[in-house]
Amino acid sequence: MSWQVVARQDGALAVEPRSTKLLLALPVVVLLGVAYFYPVFGADPITTARFAGYASGSLTTVVPLVGVLLGYNAVVSERESGSIRLTLSLPVSRWDVVAGTVASRVGLVGGTLLVGVAVAGGLVVYPYGELAVAGLVGFAAATVGFGALWTCLGIAASLSVATKRRALVLAFGLFVVLVVAWEGITGTVILALDSAGFLGSGTPAPLEFVVESDPSSLYERVVTGFVDPGASLDGPWYLGRWVSLLAFVGWLLVPLGVAARSVLPEGHRMSWRTIALADVRDAGRSRTVWLLSGLLSVLFVGYAVGHGWVGTGSFPAFVGGLAGIVGALLPVLALLLGYRSIHDARVDGSILLTLALPHSRRDLLVGTLVGRAVVLLVPTLVALALAGVVGAVQYGTESAVWYLWVLAAAALYGLAFLGVALGLSVTATTDRRVTYGAVGGYLLLVVFWQNLTAFTVSVLHRFDPSIATPDWSLFAQLLEPRESFRRLVAVGFDAGGAAKYLGSDAPLYVDWWAALLVLVVWFAVPVALGYHRFRDSDL
C-alpha cells in the first residue's frame with residue numbers, strides 16, 4: 001500500500017500548479033482540433049479506426065513534450081531539497097517512491113490522453129463518421145502507451161541526476177535528439193557513411209532498424225499496423241508491427257529500469273550484506289567483543305579443565321555440564337548483543353541516515369541480524385570447540401563425534417534468543433520498554449518458565465499430586481528454549497535433565513525434531529512480527 005500512498009500524494013502535488021493543467025490540456029486540444037477537421041478533410045470512409053492513422057502524426061511532438069516536462073522533476077526535486085529523507089523515514093521504501101511516482105505521473109498523462117481520445121472519437125462520429133470500437137480502443141491504448149513512454153523517459157532523467165537543472169537538460173535533450181533532430185542526425189550519419197564508402201549498394205538492415213526505431217516512428221508504425229485499416233506497413237520484417245511493438249515496449253521499460261538502479265538497492269542480498277559487514281567491522285573494533293571472546297574461552301576451557309573435580313570424568317558427563325553453562329549464559333549474551341541493536345539507532349536518529357542510503361528497512365533488519373549473529377556465534381563456537389578439544393583429551397572420546405551436533409544446537413539456541421532480542425529492538429520505542437523487555441524475556445524464558453509450567457499443571461489438577469503429569473505438560477516445558485536445547489543435546493549425550501523426553505512412553509511431539517522446530521520458531525516469529533511493525537512504523 002505504500003506506493004499507492006506515494007502515488008496519491010505525488011499526483012495531488014503535481015496537478016496543483018496551473019502550469020501542469022495547461023500542459024496536460026495541450027495534447028487534448030490537439031486531438032480535438034484534429035478530430036474536428038478530420039471528417040472534412042479526411043478520406044472516406046470516416047471512422048474512428050482510420051482516424052487513428054490520421055491523428056497519430058499530430059501527436060508525435062506534443063505528447064513527448066508533455067511527458068518529459070511532467071516527468072523530469074518527479075523525484076529530483078525532493079532529492080535536491082532533502083525532503084526525500086523525510087519521506088524515507090516513514091514506512092516507505094525507495095521502491096515505493098519510484099513506483100508511486102511513476103504511477104502518478106503516468107496516470108496523469110495517460111488519463112488525460114484517454115479522455116482526449118474518447119472525446120475526439122465522439123467528434124469523429126458525430127455527425128459524419130462511424131464508430132469502430134476496436135479501432136478507437138486500440139488507438140487509445142497506443143496513445144496512452146506513447147505518453148507513458150515519454151513520461152518514463154522524463155522520470156528516468158529525474159532519477160539519474162542530483163539537481164533539477166541537470167534533469168531538465170537531460171530530459172529536454174532527449175526530446176530534442178529523439179523528436180526534433182532525429183531525422184537530421186540519422187540522415188547525416190547515413191550520408192557520412194555513404195561518402196566514406198561503408199554502405200555499398202544500400203543501407204544495412206541493422207542501421208535501417210536503428211534509424212526507424214525512435215519512439216515516434218515506432219508509435220506511428222504500431223498505430224498503422226494494428227489500428228488503421230486503411231494503411232499498411234511496407235518494408236522488411238524488422239520494420240513490421242510486432243517488432244515495432246516489441247521495440248516500443250523496450251523504450252517504455254528499459255531506460256526507466258536502468259535509471260531506477262541508480263537509486264534502488266542493487267538487490268537485498270548486496271544491501272543487507274553491506275550492513276552486516278559494517279556491523280561485524282564495528283564489532284571487530286570493540287574492546288567489549290574481544291573481552292567477551294576471551295571470557296568465553298576462559299570460562300568454557302576452564303570448565304573443561306575443572307570438570308573432573310565437580311563431575312563424572314567422562315566426555316558425555318562433561319558435555320552435560322557444559323550444556324548447562326551454555327543454557328544459562330548464551331541467552332544473556334544474545335540479548336545484550338541484540339536488544340539495542342536497532343533501537344539505539346532509532347532513538348539517536350542515525351537510522352534516518354542509514355535509510356537515506358540505498359537500504360530498505362528489510363535490509364537494515366536482515367543485515368543487523370546477520371552481523372550480530374556472526375558477532376555472537378563466532379567467539380561462542382570457537383570457545384566451545386576449544387573446550388571440546390580439552391574435554392576429549394582429558395575425558396576420552398566417547399560419543400565425541402556428536403559434539404558437532406552440540407555446536408549446531410548451541411548456535412541455534414543463541415539465534416533463538418538473538419531473534420527475540422532483535423524483535424524487541426525494532427518494536428520497543430523507549431529505552432525503558434526495551435530494557436524491561438530484555439530483562440523480562442530472560443527471566444521468563446530461562447528462569448521461571450519451568451516453574452510457571454509446573455504451577456499451571458498444579459492449579460489445573462487442584463494441587464492433587466496423585467494425578468499423573470499429562471503429556472501436554474512435557475510439550476509446554478519443551479517450549480522453553482533452554483529445555484529444547486537440552487533435548488537436542490540429548491540426541492547424542494545423556495544430558496540428565498532431558499531424560500523425561502527419552503522414555504518409551506514419551507509422546508511423539510517431544511522428540512528431537514520438535515525441539516528443533518521450537519528453537520526455529522523462537523528465532524523466526526519475533527523477527528517476523530518485529531519487522532511487520534517496523535516496516536509500517538513512523539521513525
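This is a guided walk through a predicted protein model, from its overall make-up to single residues. Local features are given where pLDDT is at least 70, side-chain atom pairs count only at pLDDT 80 or more, and totals for chains, interfaces and linings use all residues. Residues are numbered from 1 along each chain as its sequence is written, and side-chain values use heavy atoms, with hydrogens and water left out.

Start with the whole. The protein has 23 helices and zero strands. Helices (H or I, at least four residues) and strands (E, at least two) are DSSP runs, numbered from the N terminus. Of the 539 residues, 45% count as buried. Buried means under 20% relative accessible area, exposed over 50%, and partly exposed in between, with a 1.4 Å probe and protein chains only. Contact means heavy atoms within 4.5 Å. Among contacts between residues at least 6 apart in sequence, 81% join residues at least 24 apart.

Helix H2 spans 18–41 and helix H3 spans 48–71, and Pro-45 lies in the loop between them. The peptide bond from Asp-44 to Pro-45 is cis, with omega near -5°. Most residues other than glycine have a negative phi, and most peptide bonds are trans. Further on, Val-63 sits in helix H3. Val-63 counts as buried because its relative accessibility is 1%. Beyond its neighbours within four places in sequence, Val-63 is in contact with Pro-27, Leu-113, Phe-146, Gly-147 and Trp-150.

Next comes helix H12, residues 241–260. Its 20 residues reach 29 Å from first C-alpha to last, close to the 28 Å expected at 1.5 Å a residue. The expected span is 1.5 Å times one less than the number of residues. H12 has a kink of about 25° at Trp-251, shortly before the proline Pro-255. Such a bend is the angle between axes fitted to the seven residues ending at a position and the seven starting there. The buried residues of H12 are Ser-244, Ala-247, Phe-248, Leu-256, Ala-259 and Ala-260. Their cover includes helix H6 (94–125), helix H7 (133–160), helix H10 (205–211) and helix H11 (215–226). Arg-241 lies over the face of Phe-226, 4.7 Å from the ring centre. The rule here asks for NZ of Lys or CZ of Arg within 6 Å of the ring centre and within 35 degrees of the ring normal.

Helix H13 covers residues 268–284 and holds Ile-275. Ile-275 counts as buried because its relative accessibility is 11%. Helix H18 (residues 361–395) has 35 residues and reaches 49 Å, close to the expected 51 Å. Gly-396 follows H18, with a positive phi near 95°.

Turn to the interior. A nonpolar core is a set of buried Ala, Val, Leu, Ile, Met, Phe, Trp, Tyr and Cys residues joined through side-chain atoms within 4.5 Å. The largest such core has 66 residues, and those with the most contacts inside it are Phe-318, Leu-322, Val-326 and Tyr-403. Helix H19 (residues 403–427) gives the most to this core, with 16 residues. A second, separate core of 48 residues includes Val-109, Leu-113, Val-124 and Tyr-219.

Aromatic rings also meet. Rings of Phe, Tyr and Trp (its six-membered ring) pair if their centres lie within 6.5 Å; planes under 30 degrees apart count as stacked, over 60 as edge-to-face and the rest as tilted. The count comes to 17 aromatic pairs. In one of them, Tyr-413 and Phe-417 are edge-to-face, 5.4 Å centre to centre with 90° between the planes. These two are about one helical turn apart, because they are four residues apart in helix H19. Tyr-303, Phe-315, Phe-318, Tyr-395 and Tyr-403 form one aromatic cluster.

The last stop is helix H22, residues 481–489. Eight of its nine residues are buried, so H22 is largely enclosed by the rest of the structure. Among the buried ones are Arg-482, Glu-483, Phe-485 and Arg-487. The cover over them includes helix H15 (315–338), H19, helix H20 (431–460), helix H21 (471–478) and helix H23 (512–535).
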